[in-house]
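I opened my notebook to record what I looked up in this structure, entry by entry.

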Amino acid sequence: MSSDSPPEYVHFFGVMGATSAIVFSAFGAAYGTAKSGMGIAAMSVMRPELIMKSILPVVMAGIIAIYGLVVAVLIGSNMDNTDAYTTYRSFLHLGAGLSVGLSGLAAGFAVGIVGDAGVRGTAQQPRLFVGMVLILIFAEVLGLYGLIVALILSTKKS
């Protein structure tokens, strides 16, 4: 190892960024899916005709995991085994992964809680559906903000 080459552990931070992106966003998506699914199951006892209409929170929770997958693949494809992969670039990748992962986790929690309460409320009062959709959109956009920041960080040149 020459004195101007990056340290041997430099790839660790990039790999942790990719791992953080997919793991945290998948945790958020899983929580959102499970929590919304419980609401759908409880609601379907009273109003089985609303099951397909109530799938929306589950779909929106699944999209959050796609954000993490995109960033993890982008980070993984930008890592190379040469001296061009610097410590600075690996820290950018770590920040990108944490950005999309943790915002996806928060968005998944929000989608799950809103989806659970929303589908149960929609079963009792169908006019609540539009309000639920608007709140779900605002919850989902939190993950999108993390994706935008992650894309900016992961494509930044050193």
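**Salt bridges**

I looked up the charge pairs and found that the structure holds 3 salt bridges (a side-chain nitrogen of Lys or Arg within 4 Å of a carboxyl oxygen of Asp or Glu). One of them joins Asp116 and Lys35, whose closest N and O atoms are 3.6 Å apart. This pair links distant parts of the chain, since Asp116 sits in helix α3 (residues 87-124) and Lys35 in helix α1, 81 residues apart. I noted that helices are DSSP runs of H or I with at least four residues, strands are runs of E with at least two, and both are numbered from the N terminus.

**Ground rules**

I am working with a predicted model, in which local features need pLDDT of at least 70, side-chain atom pairs count only at pLDDT 80 or more, and totals for chains, interfaces and linings use all residues. Residues are numbered from 1 along each chain as its sequence is written, and side-chain values use heavy atoms, with hydrogens and water left out.

**Helices α1 and α2**

I then checked how α1 (residues 10-46) and α2 (residues 56-78) are placed, and their axes (lines fitted to C-alpha atoms over the stretch in contact, with angles from 0 to 180 degrees between N-to-C directions) come within 8 Å and cross at roughly 175 degrees.

**Annotated spans**

The unreviewed UniProt entry annotates residues 16-75 and 94-153 as "domain: V-ATPase proteolipid subunit C-like", and such annotations may be inferred rather than shown by experiment. I found residues 16-75 to be 85% helix and 0% strand, while residues 94-153 are 95% helix and 0% strand.
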